[in-house]
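I opened a notebook for this structure. Below are my entries, in the order I looked things up.

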Amino acid sequence: MSEAPSYLSPTGHEIVFLLLGVVVVGTGLLVVTTRQVVHAALWLVVCLGALAGCYLVLTAEFVAWVQVLIYVGAVVVLLLFGIMLTRAPIGRSPDLDSRNRPVAAVVALATAAVLVTVVVDGFRHAYVDLSPGKGTAEEVGVAVFRYWVLPFEALSVLLLAALVGAIVISRTDIRGR
Amino acid sequence: MTTTSATHAASHVASHAATASPHAATAVQAIDYAAIAPPLALALTACAVLLLDAFLPHSSRSSHGPSVRGALGFTALAGVIAAGALLVAQAVHGGTLSTFCVPEPAACSYVVDHITLVFGGLTLVAGVVVILMSMGQLSDGDIPVGEWYFLLLCALIGAITLPASRDLVMLVVALELVSLPVFALTALRRYDGRASEAAVKLFLVSVVSTAITLFGISLLYGASGTLHLSHIAGGLAKSPIPEAHGVVTAAVMLVIAGFAFKVAAVPFHSWAADVYQGASVPVAALLSVISKAAGFAGLILVLAVTRPLYSEVWVPVVAVLAALTMTIGNLLAMRQRHAVRLLAWSSVAQSGYILAPLGVGPEGAGAAVVYLVFYAAMNLGAFAVAMLVARGGSLADYRGLVFRRPAAALALAFFLVCLAGLPPGLAGLFAKVAVFRELVDGGVGWLAVVMAVNTVIGLYYYVTWAAALFTPAPAPVEAREAPAVRLAPVAVGVAVSVVITVVFSVAPQVVFDAGLLSALG
Amino acid sequence: MTPVPALAVPVLIVSVLIVPALGAALLLGLRLQVRALKMYGLAVSGLTLVPVVAMAVTFDYRRAAQIQHEVDLPWIPGLDLRFHLGVDGISLPLVALTALLTFLCFVYLSGDRRTERLRAMMSALLLLEVGMLGTFLALDLLLFFVFFEVVLIPMYFVIAIWGGPGRRAAALKFILYTLLGSVVLLLGLLLIWSQTGTLDIVALAHSQGAALPRAVQIVAFVTIGLGLAVKTPMWPLHTWLPDAHTEAPTVGSVLLAGVLLKMGTYGFARIAIPVLPDGAHAVAPWLGAFAVVGIVYGALACLAQRDLKRMIAYSSVGHMGFVLLGFATLTPVGVNAALFGNIAHGLITGLLFFLAGAVKDRYGTADMAELGGGMLGRLPYLGSLLTFACIASLGLPGLAGFWGEMLALFGAFEPAEGLSRPLFLVFMAVGGLGTVLTAAYFLVMLSRVTHGPPGPLTPSAVGDVRTFELSAWVPLVLLILVFGLWPKALLAITDPAVQTFLEAR
Amino acid sequence: MMVMVACAVLLPFLGAVGGLLGPRAVRFAARRAAWRAVRFAAWFAVVPTAVAAILAGVAAVRVLRGGTGGTAVAGTLTVVETGSLPVAVGLEVTRLSALTGVLVTVVALAVQVYSVGYMRDDRRYPSYSAFISLFTSAMLLVVYAADLIVLYVGWEIMGLCSYLLIGHWWEDRANSRAAVKAFLVTRLGDVGFLFGIFVLAVGAGSFRIDDVVTKYPAMSTTVLTVGTLLLLVGVAGKSAQAPLHTWLPDAMAGPTPISALIHAATMVAAGIFIVARLFPLFLAAPTTLAVLAIMAALGMLGAALAALAQDDLKRVLAYSTISQLAFMAGALAARDDDAAIFHLFTHGAFKALLFLCAGLIIHRAATNLMSGMGGLRRAMPITFATTTIGFAALMGLPPASGFFSKDAALAAMGAAPGAAPGTAPGAVPSAVPSAVPGAVGWILYGTALATVAVTGAYATRAWLRTFFGEPRAQTGDHAREGPASMLWPVILLAVPALLLGFAVPAAPHWGTAALSVALALLGAGAVYATWRGAPDADPARLLGPLRRACEQAFYVDTAYNALFVRPVRWLAHAVVRADDTVVDGAVRGSGRTARGLSGVLRLAQNGNAQIYVSGLVAGLLIIVVGAVVLG
Amino acid sequence: MHIVYPVVVSALLFSIGVYGVLARRNTILVLMSVELMLNAVNLNLIAFDVWLGDRLHGGQVLTLFVIVIAAAELGLGLAIVLAVFRNRRTVDLDSLRDLAEPGPDCDAAGPDRGVAGPAPAPGPRRGTGQEGAAT
């Protein structure tokens, strides 16, 4: 493996990626610390979008578009519906954080410290020359149906189960036998 | 681009439309239907139940509601029994069937070997008993029957595929497939605040553990370069990153987290009591036996099958985890006054006993499987009787039960004594002896002593409950059980578990053959 | 007795276990009223006695050291557990004692009108008998452990359901304490197994611990010793016994003291000493020390007791101290003394607890202060039987209690080579002092209970000893006299077996 | 020969069993009057003892005539394999045991006959007589035993019978306590005795007595000394010697015939018999003899002084027994076992006589205390005559048998320190030079002489206070002679008390004899003088300040009570408290800590899902860090 | 492109997710944090897949599957949250204390309503949902 270029001379890719990374982490922090519930959802959208950008930088276009489509499209909308249905307060509500905050902060920082040290120690020298075309839909499609058919089938059962479960729990008009 | 090598004679090309890109004659991965017959059968039954529920007449509640309920119940039962028959056929066929294989670094995702057969058998038998218990539970009428059976069968599908899956992706998917339906089942009692509270807690803790496991898997993928269990050891050896030790250790621990949650080992045990009490009794039985068996299958696969070379990392950790689990489980079970809550903590303690042989090393997996099979039989029986008698209820309801329902009382006493590991319950005794042997042989003396003390603490609450059965009740507690007619299936469930436990007591060799062989599988 | 070829009749030994087991199982199904139930109980326990007597008769006393009536079937290959039964000079007397005592308990029960839920009690006793007989017959380490634990649950229920006011706590302490002991015992057994690879006691005894290095032998002996010491009970581990005895019903106390304690000491004679000779040698001084402390401690505790049954329980601690001292000497005479003491204690304390039970039935209490004394005046026969039992128990020569203690002291006088002589001389002296204290508390009890002017409590209308009680007690009295006047009857059986495993080293 | 001796031993045992079970069966069956049960049981008591007496007599005659060359005749029933030294269950008749056997059976017969009358109206006579037969067979077993363990068996059964018989009237708590005390003190002695047997048996390599006696040269002196000293502990316990004598005076709580049989003639004599039986061993252990001498000296004088100050007639005789036994022990210490045995025989006869007479007196005067007696010589002439013979023999006045045996003993003790003034070498068979150190010899001889004087004093005092002076009995003219069945045994015993002295051919040593008679008369005179002064007052006042101490037997009993009984009782309570708090506490404590721990753990289960998840993640972090750092 | 960048970003995102799960009172916000954690995993997988040049594209396929799983779970999660809201009028996690360990003395908190569930009245019930009395 060729000697990885030093960190001091970042390529274009790395600069774009770092910018997007900062956006992701920043908006992530805002999601979990904002006072307003709806703002949290909106910041989530920005975070996931930026993440999709990261994927693009990493030449995984198909996954990036799936990310945008499903996460930003469906999941966050679902969350907004959830917020609406549970009549969460629209304006600023002071008590969004439970008394567990200090413990949570400590644990989160510890997790961050441990994970970062482990990961950095492990992957310091990893370097890759990005070449487009790796993450095209065709590549991933072939991979899914040539190597990963079983999980694909199992996921269908999972989705069906989730679907049935969600419907039967939320609709109270379905009576028992 | 050459097509894949000739597939087995028995398998044939799946009918899926291959996304044929012009330049690659891509054949979809060969599927050996004989191998995946049992989960397939379950899946078909699940769909059948769902459709039947939809199309059977929704006439007025009273007239033939029960008959429809019965029909759905029996179709589910038939499906499980059919899957069992297929499993037995595979066992008789002998040899390992493997399918969904990847050509170059030859590794298959779905392998039916001895571990799969043992866990599959265990899951299906437990499934039968849980379905029988569900029939009793559903007779109340406020739970949608079709959906209940469908979700139950989905959970069974997950539980069967997990032991057979040989790559991390399939492991995670199977893990999710086992847990997701259970959240739904817990929350299915929609008018009970405690059920939904239990569902939320279960959901939250489970999702967090899955996320942690996935993070572990991603690190492991990064370190080893592959997702197939059989190649990970090789991958780690020539790992692209020079000093991979730190990452791999962390990755292994994080992967263990998901399965440890399923097994309710120590740091992941807090949810057990609340969820068991909140959920209905059949779901609690499902959690305590089937999802726990799946958890152990995953744990054994991840730890024992793939990486003997890293065992000096996880062996001491698992040993400490086992010791903590059994001790905390037993201590918390001591002061319980609610039957299912006590059974919850007792099942946490029992998972500590099952974890203990793994604390000796990969060769301990055999003893762990043996204890698990024994535990499944005893624990299911206990839950079935709890369901039969007072739908869980507090221990006071069980006082002087031998005068009101002698058969149930004797069965419960037998199961409790088995769980305690004392002679009339020989099954429990032989299970414990097998584990103790493994510990003493493996030189983990301190764990054996801790387990000895725990056996005594365990005996305390088992015997107190068993004794309460035989002491005459001061005030004639009003019988709150549901009318007997709908509890007949539960009684059948109890009978099944009694027969199985007695067979295990008299001829435990059956279990030992299955268990010890699986260690080699 | 013409020596019948040993292996010709395995059916006997298996039937010894099968009959009570089937009896207990059938009881759950049967719906008999009281009278027929008592007859059934008598029949089953009698039937168990028949094969035992047959085994005793067909036993070849010239080859007492050899295992006879052997049965060896594979049961669980996965655990190397074999259904291996057999009887030799050491276990035959104990098997006979168990069968006899259980039969006498059923005789006692047949007359006793006040026990309710008799069906459950009888099935518990029969299960108990299976466990006890199995323990003495088992020749496979794990099988010994299984039968060792079969006894726990029935005994727990006998105490917990039919016991006195504080029965639940006592039963719980009994079962938890004994289970801890037996699990520790299991660890020891498994340690032997992991080192030698075999569970067969006979083979292990012949190999004299050859395959076991000294350090492992010591660890194994300590763990097994602790497990057995809880059951014996040895001094610091004895606190479950007085509670269990005070609360147990008469029949429960008799079997608990008569046989259950012997399972602990039998373990020493069958497993600990023959299989782990070096371990035994290293730990013998400690065992002797605890035994001797047990003797004096038990005697002193009895002096200050108020409750009659509790006093007899503590006296068992003392007597078992002598038995353990016998084992600790590791000499043939010491081990013979221990085995003789086992049988003698079984008979005498069994009789004592029968009598204490009778006193409690008649006066409603076993508290000596409340009894007030003068029993010889009101109940002359019961009083004189109690006097006889106490005198036998304090080890008067000419009665069974004497030989066990005297030979144990004689063994301590000349311990096996390698054991420090002065230490064992101290043990002997303290043991001798113990006999004086034993005599003291028994006679003080007699003078408080039987002598003196008639006390405030008047015995219930039941009156003096009744026929069914006599028929339960007279065999014990006769046996105590026979073994007292003719110790050869027992020593001749146990001596050859003891010589083989002690001498062969 | 052996069969005869075996029958002698077994017959009383069978009589005892018959006596115990027979009447119960009769009463069971017939419910007849108590008196008929007594007569029925009497047959079971007297006949076997009589036959045993005859058999013993015949055996004695055959052995003494030297039919078997004077050596022992032995026979073994069976050998019990114990694992090391075998126990040979067998009997052996030597000259010594033959004679003692006769003494035992004769006295036992006398007591059995006497008891029929004495216990006429006692409901528990059958068990009483049975226990006496049991005692007789136990004593014969000791006498004829060929094996030390068989001897020990008889030895302890005797102790039991003395317990049962002392506690005969158990309605009164005092009797019961006295019985317990008697058994415990003798039991303590027996433990020492057993250890002595072990030491000697291991030294000789066998339990058989003749092996032990023949192989003693092979044993080292330490083994011999330790063995014999331990035997001495047993002897002291059984024969109520100095340190372990406190039980005998309390044993008087039992019926008087028992005192006569057990606490005068037989059981207490067993100790001396054993020393004589194993005399060669004692000879080879000089230190033991020295200890014996000191014990004897202390016992002799102390008991005699105590006897002088007692008010209860039976306690006087009890202390006199202790003193006389110490006298015999002194003779043994002076290496002359023949003198000791001779004195044992005569003492057996006259002390039994005295006790039976005392029984008659108490039976009539309805009180034990001499202060309640007086002037009985006119009312009870026969008793007066026989008691006078008894006292004469006790004081050693010629022609009574006591004179000869006491003289022989005194001569032996006199010869002990080597050159006693004016004593002819005489026929003292002290072939072995007296190795008793001079000083001890002198002490022994001095106290012996003093004892003779004090014996004369207390004998006369007892004689005067019971038979002379004004009748102080409160019960009017009740004092008449006893029934015939009680008088005949007394008269029967009076004969040997008087004439036994002449049976022994050895001529008395005139020097010591004269000296002893003089001293006896001196003591008697002193008491007579003080008595003359004030016939009603107790002549014991001549002891002056010592009287209080003598009456309490020098407070030995209270000392033992304080030193042993109370600490043991306190220790017992301490043990029970410790057992409850410490040992049991640890057990209960572990239970409580388990419950406490479970309480603490329950706090973490407060239902808040976020607490669960934080616990989960924190736990996981600890595991990961631990694995990475340790791994 | 240094792989360490995406991996570090993923680690940070994961920790933020953990914080969100532990700190937020409203269950919906907790669900959002869980989504963050899962997205962190996806980023990691994509980074490694690209770096390893895995022919099987294991990383990207698994990412797809994780997205599907996340969607499915979120659906069910929201349904459960709605059920809780319907039964308990609130979605605050730390107010759901009904299943805690019963106090040292009192018996199991209230009768087990599972049994005493209301007899199903005919006809659907609009979101009034009978409220289990939380003692």
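I count two residues as in contact if their C-beta atoms, placed from the backbone, lie within 7 Å.

Ground rules next. I am reading a predicted model, where local features need pLDDT of at least 70, side-chain atom pairs count only at pLDDT 80 or more, and totals for chains, interfaces and linings use all residues. Residues are numbered from 1 along each chain as its sequence is written, while chains are lettered from A and ligands numbered from 1 in the order in which they are written.

**Entry: chains E and A**

I looked at this pair in detail. Here 66 residues of chain E are in contact with 83 residues of chain A. I then asked which elements of chain E give two or more residues to that side. They are helix 1 (4–23), helix 2 (27–52) and helix 3 (58–88). My helices (H or I, at least four residues) and strands (E, at least two) are DSSP runs, numbered from the N terminus. Helix 3 of chain E gives the most, with 21 residues.

I sorted the residues by class. Ala, Val, Leu, Ile, Met, Phe, Trp, Tyr, Cys and Pro count as nonpolar, Asp, Glu, Lys and Arg as charged, and the others, Gly among them, as polar. The side of chain E that touches chain A has 50 nonpolar, eleven polar and five charged residues.

**Entry: chain A by itself**

I found six helices and zero strands in chain A. From the N terminus on, its elements run α-α-α-α-α-α. The C-alpha atoms fill a box of roughly 65 × 45 × 25 Å, taken along the principal axes.

I turned to the UniProt record. For "transmembrane region" (unreviewed entry), it lists residues 15–33, 40–58, 64–85, 106–127 and 147–169 of chain A. UniProt positions are given in the numbering used here, feature names are shortened, and annotations may be inferred rather than shown by experiment. I looked up two of these spans. Residues 15–33 of chain A are 100% helix and 0% strand, with end C-alpha atoms 27 Å apart. Residues 147–169 of chain A are 96% helix and 0% strand, and their end C-alpha atoms lie 35 Å apart.

**Entry: chains B and E**

I moved to another pair. Here 47 residues of chain B are in contact with 49 residues of chain E. Helix 5 (168–187), helix 6 (193–224) and helix 9 (271–278) of chain B each supply at least two residues of the chain B side. Which helix of chain B gives the most? Helix 6 does, with 18 residues. By class, this side of chain B has 21 nonpolar, 13 polar and 13 charged residues.

I also looked at how two of these helices meet. Helix 6 and helix 9 of chain B pack at an angle of about 145°, with their axes 8 Å apart. Axes are lines fitted to C-alpha atoms, for helices over the stretch in contact, and angles run from 0 to 180 degrees between N-to-C directions. Helix 6 of chain B contributes residues including Arg194(B), Glu197(B) and Lys201(B) to the contact, and helix 9 of chain B contributes residues including Trp271(B) and Asp274(B). The residues of this contact divide into six nonpolar, one polar and four charged.

Chain A and chain C do not touch, and their nearest C-alpha atoms are 37 Å apart. Chain C and chain E do not touch either, with nearest C-alpha atoms 20 Å apart.

**Entry: hairpins in chains C and D**

I count two strands as paired if DSSP finds at least two bridges between them. Strand 1 (residues 68–76) and strand 2 (residues 81–87) of chain C pair in the antiparallel sense over six bridges. Asp72(C) stands opposite His84(C) in strand 2 of chain C. The hairpin has four residues between the strands, and Asp80(C) takes a positive phi near 55°.

In chain D, strand 1 (residues 73–80) and strand 2 (residues 87–93) pair in the antiparallel sense over seven bridges. The bridge partner of Val80(D) is Val87(D). This hairpin has six residues between its strands, and Gly83(D) in the turn has a positive phi of about 120°.
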